[in-house]
Amino acid sequence: MKLRLHFVVDPMGWLCISVVFGIWLYNTFFVPKLVLLPHYEEGHIPWALVVCYYLASALCVMALFRASTADPGRLPVDPHIPHSEREQWELCNKCNLMRPKRSHHCSRCGHCVRRMDHHCPWINNCVGEDNHWLFLQLCFYTQVLSLFTLVLDFCQYYYFQPLTRLDQEKFTTRHELALLRVSALTGVVMFGGMSSLFYAQMAGVLSDMTTIEKMSQFSSETYGTKRSWQWALAEVCGTRWKLLWLLPLRSRQPLHTGHHYRSHV
Ligand SMILES: [Zn+2]
Ligand SMILES: [Zn+2]
């Protein structure tokens, strides 16, 4: 597996992705430290719950890393255009390069992206044909992790037995309430935001419409088609194996050669 890295030089994007990474780091450090590990040591919860939290956290940060560093579908300077697809290509009037239809020029990245969905500052990258599946994974795992965090924060106060072996002088013990309130607040914000984004993204995938096309009346009449959810997701993820849809550490191969110019991440 060869994973090529792609970085966008944009200080505003770096700031946004740092905020997202900071929220992940905060909860991955404090939730086990305040809730999971002390309750596991006192025998209140099984070890499997601790492992599940770290697994959800690892999948979430892997999806973030891959979505932000994968090539979204940048066009090469001198692309090979199959003869049968020539009428499906057009010239970009901003970078003066040939590109397949449904590509868009991203002014933040400074180049065209195949089947571009949108530019996302929170991952500091475009979302296009080659990394859309990673963006969907990121939305999914962020929902899982933030909901898990919210449930644990809630249980810490209303359900779990009180801890008996607590060092009252420790920073985390003295500031437990404030630390958990920040965790619950970030959990509500991330779960709410990601749920609505994931719903909108899935509606777009199922109707074969990008976010850019949805905002354009002309394109919505041209491209929107209804497909089965299995086929739509298989095409976006580049595989029919449903388990692989959930794995961020793999490369994507397009399912078939259609009218889009294909490559792989
Ligand atoms: Zn362009
Ligand atoms: Zn972009």
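This is a predicted model: local features need pLDDT of at least 70, side-chain atom pairs count only at pLDDT 80 or more; totals for chains, interfaces and linings use all residues.
Start with the fold. The protein chain has 8 helices and 6 strands. Read from the N terminus, the order is α-α-β-β-β-β-β-β-α-α-α-α-α-α. Along its principal axes, the C-alpha trace spans about 75 × 40 × 35 Å. The chain has 265 residues, and 32% of them count as buried. Now contacts. Take those with a separation of 6 or more: 63% of them join residues 24 or more positions apart.

Next, the annotations. The record lists residues 12-32, 44-65, 138-159 and 179-200 under "transmembrane region". What does the model show for two of those spans? Residues 44-65 are 86% helix and 0% strand, with 34 Å between the end C-alpha atoms. Residues 138-159 are 95% helix and 0% strand, and there the end C-alpha atoms lie 30 Å apart.

The unreviewed entry also carries "domain: Palmitoyltransferase DHHC", covering residues 87-216. In the model that span is 51% helix and 14% strand. Its end C-alpha atoms are 22 Å apart.

On to helix packing. Helix 3 is residues 132-158, and helix 5 is residues 176-206. How do they pack? The angle is about 145°, and the axes are 8 Å apart. The crossing is left-handed. On the helix 3 side, the contact residues include Leu136, Phe140, Gln143, Leu147, Leu150 and Asp153. On the helix 5 side, they include Leu180, Ala184, Gly187, Phe191, Met194 and Phe198. By class, the residues of this contact divide into 13 nonpolar, 9 polar and 1 charged.

Now the core. The largest nonpolar core has 41 residues. Which members touch the most others? Ala63, Ala67, Leu134, Phe135 and Leu138. Several elements give two or more residues to this core: helix 1 (11-41), helix 2 (47-69), strand 4 (111-113), strand 6 (125-127), helix 3, helix 5 and helix 8 (229-237). Helix 3 gives the most, with 10 residues. Look at phenylalanine 135. Setting aside residues up to four places away in sequence, Phe135 touches Ala67, Cys120 and Val127.

Let's turn to single residues. Arginine 99 first. Arginine 99 sits in strand 2. Is arginine 99 buried or exposed? The cut-off for buried is 20 or more other C-beta atoms within 10 Å. Arginine 99 has 24, so arginine 99 is buried. Beyond its neighbours within four places in sequence, arginine 99 is in contact with Leu75, Trp89, Glu90, Cys92 and Cys112. Here is a distance to keep in mind. Arginine 99 and valine 35 are 64 residues apart in sequence, and their C-alpha atoms are 52 Å apart in space.

Arginine 102 lies in the loop between strand 2 (98-100) and strand 3 (104-106). Its phi is positive, about 80°, although arginine 102 is not a glycine. Arginine 102 has 21 other C-beta atoms within 10 Å, so arginine 102 is buried.

Asparagine 124 is the other. Where is asparagine 124 found? In the loop between strand 5 (118-120) and strand 6. Phi of asparagine 124 is near 50°, again a positive value in a residue other than glycine. Asparagine 124 counts as buried because 25 C-beta neighbours fall inside 10 Å.

Last stop, threonine 210. Its place is the loop between helix 5 and helix 6 (211-214). Why does threonine 210 count as buried? Because threonine 210 has 22 C-beta neighbours inside 10 Å. Its contacts, leaving aside neighbours within four places in sequence, are Arg115, Met116, Asp117 and Gly204. Then there is histidine 118. Threonine 210 and histidine 118 are 92 residues apart along the chain, yet their C-alpha atoms are separated by 7.8 Å.

That's the tour. Happy to go back to any of these views.

Terms used:
Residues are numbered from 1 along each chain as its sequence is written. Chains are lettered from A and ligands numbered from 1 in the order in which they are written. UniProt positions are given in the numbering used here, feature names are shortened, and annotations may be inferred rather than shown by experiment. Helices (H or I, at least four residues) and strands (E, at least two) are DSSP runs, numbered from the N terminus. Axes are lines fitted to C-alpha atoms, for helices over the stretch in contact, and angles run from 0 to 180 degrees between N-to-C directions. A crossing is left-handed if the near helix is turned anticlockwise from the far one by less than a right angle, and right-handed if clockwise. Two residues are in contact if their C-beta atoms, placed from the backbone, lie within 7 Å. Ala, Val, Leu, Ile, Met, Phe, Trp, Tyr, Cys and Pro count as nonpolar, Asp, Glu, Lys and Arg as charged, and the others, Gly among them, as polar. A nonpolar core is a set of buried Ala, Val, Leu, Ile, Met, Phe, Trp, Tyr and Cys residues joined through C-beta atoms within 7 Å. A residue is buried if 20 or more other C-beta atoms lie within 10 Å of its own, exposed if 12 or fewer, and partly exposed in between; C-beta atoms are placed from the backbone.
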